[in-house]
Amino acid sequence: MTNTYTDDPDILNDDCLYRRIPLKPSHIIFDDNQDRWRPTSASFKDHPDGTPMSITIQSELEEDNRLPENSLDGYDDCALASVTAGQARERNQMVVKERLPEEPAHGVVVGNEKKKGKLAKEAVWVVRPTEAELEKIELERKQRN
Amino acid sequence: MEAAIETFGARMALQNNELRTWLIKIFEPKVRSTLSQNSEYPAWLKTTVNQLIEFLYLEENWDTYGASTTDPASIEFTVELILSLVKQNTPQPWVVPTPNGRVQFEWHTRGIDLEIEVISPTLVNVSYEDSKEGFDDWDCELTNDFSKLATAIRELTVR
């Protein structure tokens with residue numbers, strides 16, 4: 001799979017890569033070690049059919065005068081997390097543009113899936129879950145009996 | 001536990017009799033008998049099992065990126081593994097579904113990041129990162145021999 005892709009040098013290391021995170025108790029975790037809520041590494045995995053992990057690319061969005069938040073267009077109940085292309089490359093990932101008719105800023109992160117999952121530890125919120133949503137997640141975790 | 005399983009079974013009966021049969025035949029007696037035989041299991045176990053059951057309600061594309069539904073067998077493997085490894089004072093893990101229909105459980109506490117993706121009863125992907133001096137980070141696939149994982153959970157439990 002990875003042989004068909006080449007890292008795109010036009011995507012600079014400080015370019016942000018955005019990933020939607022469903023607002024559900026099973027997809028957002030509290031990391032005691034970092035003292036913060038963040039996406040689980042399971043949110044940074046390849047497609048079940050083996051194709052690489054999808055992202056939207058900051059510079060491609062900007063080229064169309066779109067905002068990062070536009071990555072959520074058409075998707076309710078999702079937060080938006082971001083890592084940089086440089087962070088992905090530090091994990092030996094390739095960052096590749098892959099424009100789709102429905103999302104011209106679409107791209108993929110190609111490489112070892114286990115290392116990809118570790119990007120979740122570095123992910124920052126662009127569209128953060130609200131405090132009420134996080135409280136609900138914590139409550140459901142503790143009281144689901 | 002029994003009540004939760006029965007409730008779940010009743011809900012699922014409206015949708016999927018086959019799955020309900022599977023739950024009653026395999027899952028419920030296994031968990032119930034194990035819990036009744038060993039009172040040392042942690043208080044969070046019941047909650048965690050119920051969280052796992054909830055994953056069966058996830059529909060295709062639950063992550064908006066084409067995720068598969070959760071495989072009931074993966075939940076069964078995961079419960080078996082949890083029951084075999086945790087102690088009464090092991091911290092509560094986060095349990096999460098993965099896009100490929102499996103289940104992952106993870107801890108990010110006490111300076112340890114431990115993630116376990118259960119692929120089958122004899123194949124488990126593990127990632128262990130430890131900020132404490134003298135402890136090495138490791139990633140590996142474990143097959144049959146889970147002693148390395150047991151050591152990691154023991155460290156997590158006693159720290």
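Start with five residues in chain A. Select D8(A), E60(A), E63(A), K97(A) and R99(A): a network of salt bridges links them. Keep in mind that this is a predicted model.

**Stop 1**

Which parts of chain A does the pair tie together? D8(A) sits in the segment before β1, while K97(A) sits in strand β6 (residues 94-97), so the bridge joins parts that are 89 residues apart in sequence. Now show the surface. D8(A) counts as buried because its relative accessible area is 15%, and buried means under 20%. K97(A) has 28% relative accessibility, so K97(A) counts as partly exposed.

**Stop 2: the contact between the chains**

Colour chain A and chain B separately. Select the residues in contact: 36 come from chain A and 39 from chain B. The two chains bury about 3,000 Å² between them. Carbon and sulfur atoms account for 49% of that area.

Which elements of chain A supply at least two residues each to the side that touches chain B? Select β1 (16-22), β2 (28-31), β3 (36-39) and α4 (131-143) of chain A. Of the elements, α4(A) gives the most, with five residues. Colour this side of chain A by residue type. You will find 12 nonpolar, eight polar and 16 charged residues.

**Stop 3: salt bridges across the contact**

How many salt bridges run between chain A and chain B? The count is five. Over all chains, the count comes to 18.

Select K121(A) and D113(B) to see one salt bridge between side chains, at 2.8 Å from N to O.

Then select K118(A) and D139(B). Their salt bridge has its closest N and O atoms 3.3 Å apart. This pair crosses between chains. K118(A) is in the loop between α3 (113-117) and β8 (124-127) of chain A. D139(B) is in strand β5 (residues 138-142) of chain B. Is K118(A) buried or exposed? K118(A) is buried, with a relative accessible area of 11%. D139(B), at 40%, counts as partly exposed.

**Stop 4: chain B as a whole**

Chain B has five helices and five strands. Trace the chain from the N terminus, and the order of elements is α-α-α-α-β-β-β-β-β-α. Of its 159 residues, 55% count as buried. Its accessible surface comes to about 7,200 Å², with 47% belonging to carbon and sulfur atoms. Now consider contacts in chain B between residues at least 6 apart in sequence: 51% of them join residues at least 24 apart.

Zoom in on helix α3 (residues 45-54) of chain B. This helix is mostly covered, with eight of its 10 residues buried. Among them are L45(B), V49(B), L52(B) and I53(B).

**Stop 5: the end of chain B**

Finish with R159(B) and D130(B). Their side chains meet in a salt bridge of 2.8 Å, N to O. R159(B) lies in the segment after α5 (147-158) and D130(B) in strand β4 (residues 123-130), so the pair ties together parts of chain B that are 29 residues apart in sequence. R159(B), at 26% relative accessibility, counts as partly exposed. D130(B) is buried, at 8%.

Conventions:
Residues are numbered from 1 along each chain as its sequence is written. Chains are lettered from A and ligands numbered from 1 in the order in which they are written. This is a predicted model: local features need pLDDT of at least 70, side-chain atom pairs count only at pLDDT 80 or more; totals for chains, interfaces and linings use all residues. Side-chain values use heavy atoms; hydrogens and water are left out. Contact means heavy atoms within 4.5 Å. Buried area is the accessible area (1.4 Å probe) that two parts lose on being put together, summed over both. A salt bridge is a side-chain nitrogen of Lys or Arg within 4 Å of a carboxyl oxygen of Asp or Glu. Helices (H or I, at least four residues) and strands (E, at least two) are DSSP runs, numbered from the N terminus. Ala, Val, Leu, Ile, Met, Phe, Trp, Tyr, Cys and Pro count as nonpolar, Asp, Glu, Lys and Arg as charged, and the others, Gly among them, as polar. Buried means under 20% relative accessible area, exposed over 50%, partly exposed in between (1.4 Å probe, protein chains only). Accessible areas come from the Shrake-Rupley method with a 1.4 Å probe; for residues, only the protein chains shown count as cover.
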